[in-house]
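Let us take a friendly walk through this structure together. Please open the sequence and the model, and keep both in view as you read.

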Amino acid sequence: MHHYLSALCLSLFLGSADLLAAEPATTEAGAVSPPPQLSITWLGGPTMLLEFNGFRLLTDPMLGSGQHAFIMGDPNEPFDLKRGPNIKEHARLTALPETDLSQLDLLLLSHAHEDHFDQQAQSQLDKGLPLLVPEHDLGALQAKGFTAAQSLAWQQSLEYQAGAGHIRITAVAAHHSADPAIDTLLGAGNGYWLEFSQGSWSKRLYWTGDTMPVGAVLTQVQTLADSRGALDILVPHLGRVGTPGPLGQISMGASDVVDMARALQPERLLPIHHSSYALYLEPISVLAEASAGEDYQLDLPQEGVTLHY
């Protein structure tokens with residue numbers, strides 16, 4: 001399936017993604033300086049490298065590879081909710097892109113489930129790196145030695161200097177399930193609204209984390225868009241994980257993403273959390289077909305390809 005998917009991603013890859021590019025600035029000496037840009041490299045699964053003015057931010061690090069990429073319960077299998085799922089090894093279906101992760105400024109975590117922060121990443125990454133996490137996961141990550149972990153509650157913001165620009169990150173609610181009991185069982189997670197700005201140039205990105213498009217989530221994001229400016233890039237987590245198991249659906253499918261996009265009206269849609277792992281059930285071709293005629297532009301890069309916005 002992933003060979004077909006690679007061909008599909010190649011055919012749908014939309015090139016430079018230079019949405020709303022700023023006019024070049026002119027210095028006193030008359031030299032033209034390049035406009036700011038946000039660069040995004042999807043590394044597979046929920047993992048993205050975002051770069052802005054030299055600031056490098058990595059989301060939900062998944063660094064394992066091969067047939068034994070990570071160890072976690074399988075929400076797609078039948079199991080007794082009281083006893084928990086079968087803990088097993090999960091396969092990565094695609095190669096992990098070669099990327100320099102030696103100089104990172106921030107790790108951004110939606111939640112600490114092993115399909116979003118795998119054993120290899122926990123072992124490999126510097127435990128002194130700044131790490132933004134949901135309140136629910138802070139204690140467990142500190143106990144694992146992540147000394148610079150910091151929680152960010154829903155609707156709280158932090159700001160970072162990025163060269164001559166700024167990055168403001170606001171935590172947004174993420175509800176793993178539309179069923180309140182299952183959502184509570186799985187623990188509270190975060191999505192993030194990220195604003196990249198320099199002078200009159202800005203980009204606004206909503207990275208959903210593992211959430212369903214429930215009313216509380218959409219209301220928070222719409223409030224941010226109303227107060228901070230329209231959404232440029234929506235980055236939804238897909239896969240339609242869990243549908244055969246007792247937890248039910250615990251990540252969005254194509255129809256959920258289209259509904260979310262219609263509500264939030266982004267200029268661009270950059271889906272992740274699909275194709276890389278056997279855990280993901282719904283192929284990305286379903287979203288590609290469902291997006292026909294929608295107002296957003298769909299970006300479907302291959303893993304390791306960098307888009308510039």
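**Starting from the core**

Setting aside neighbours within four places in sequence, M48 is in contact (heavy atoms within 4.5 Å) with I40, T41, W42, L57, L58, T59, W207, V235, L270 and I272. M48 also belongs to the largest nonpolar core, which has 29 residues; M48, L38, I169, L194 and L205 are the ones that touch the most other members. A nonpolar core here is a set of buried Ala, Val, Leu, Ile, Met, Phe, Trp, Tyr and Cys residues joined through side-chain atoms within 4.5 Å, and buried means under 20% relative accessible area, with exposed over 50% and partly exposed in between (1.4 Å probe, protein chains only). Another core, of 26 residues, lies apart from it and includes V217, A261, Y296 and L300. In soluble globular proteins, nonpolar side chains tend to be buried together.

A word on what you are looking at. This is a predicted model, in which local features need pLDDT of at least 70 and side-chain atom pairs count only at pLDDT 80 or more, while totals for chains, interfaces and linings use all residues. Residues are numbered from 1 along each chain as its sequence is written, and side-chain values use heavy atoms, leaving out hydrogens and water. The protein chain has a mean pLDDT (the predictor's confidence in each residue, from 0 to 100) of 91, and 90% of its residues reach 70 or more. Over residues 1-23, however, pLDDT stays under 50.

Now turn to the largest pocket, with a volume of about 390 Å³. Its lining is made of 22 residues, and M72, P85, H113, L186 and L247 lie nearest its centre. Two elements, β6 (70-73) and α4 (180-186), each give two or more residues to this lining; α4 has the largest share, three residues. (A pocket is an open set of points on a 1 Å grid over the protein atoms alone, with protein on both sides within 12 Å along at least five of seven lines; lining residues have an atom within 4 Å of a point. Grid points are joined across faces, edges and corners, and a volume is the space filled by probe spheres set on them. Helices (H or I, at least four residues) and strands (E, at least two) are DSSP runs, numbered from the N terminus.)

Finally, find E282 in the loop between β16 (268-269) and α7 (285-290). Is E282 buried or exposed? E282 is buried, because its relative accessible area is 16%. Not counting residues up to four places away in sequence, E282 touches G239, R240, G253 and A254.

Conventions:
On a 1 Å grid over the protein atoms alone, a cavity is a set of points where a 1.4 Å probe fits but cannot get out, and a pocket is an open set with protein on both sides within 12 Å along at least five of seven lines; lining residues have an atom within 4 Å of a point.
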